[in-house]
Amino acid sequence: QVQLVESGGGLVQAGGSLRLSCAASGRTFSRDTMGWFRQAPGKEREFVGRISSGVNTYYADSVKGRFTISRDNAKNTVYLQMNSLKAEDTAVYYCASRLMNYGPYDYWGQGTQVTVSS
């Protein structure tokens, strides 16, 4: 059974940092593109960033320069380092995976809450 489990969310003051983890299980994810998404209350889910199997990264403009995605294939884990957090970063953060370099994501985690107090 394939599973993605996010962790590391919490409450942080504006300007602070958090690191989210996404642990994958059920198969090897080293060839997958792994994405991070977030959904704030009353808003649609939005793309945050992704990392390819070749460790190329791509970020939404809203987080570029503040967030960094990395992966440890030996641990089947992807990370989202979030720095200089703002109140508008408050959301439930989800990780997702896909085997293809494009198209929909195949698997999703259950999400972890990040709350940034101003």
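**Close-up views of a predicted model**

**View 1. Strands β3 and β8 pair side by side.** Strand β3 (residues 18–25) and strand β8 (residues 77–82) run antiparallel and share six bridges. Arg 19 has Gln 81 in β8 as its bridge partner. Strands are DSSP runs of E, at least two residues, numbered from the N terminus; two of them pair if DSSP finds at least two bridges between them. This is a predicted model, where local features need pLDDT of at least 70 and side-chain atom pairs count only at pLDDT 80 or more, while totals for chains, interfaces and linings use all residues. Residues are numbered from 1 along each chain as its sequence is written, and side-chain values use heavy atoms, with hydrogens and water left out.

**View 2. Four strands form an open sheet.** The order is β1-β3-β8-β7, with antiparallel pairing. β1 (3–7) and β7 (67–72) stand at the edges with a single partner strand each, so one side of each has no neighbour in the sheet.

**View 3. Arg 27 and Asp 32 form a salt bridge.** The N to O distance is 2.9 Å. A salt bridge puts a side-chain nitrogen of Lys or Arg within 4 Å of a carboxyl oxygen of Asp or Glu. Asp 32 is buried at 0% relative accessibility, whereas Arg 27 is partly exposed at 26%. Buried means under 20% relative accessible area, exposed over 50%, partly exposed in between (1.4 Å probe, protein chains only).

**View 4. Asp 61 meets Lys 64 in a salt bridge.** Their side chains are 3.0 Å apart, N to O. Asp 61 is exposed at 65%; Lys 64 is partly exposed at 48%.
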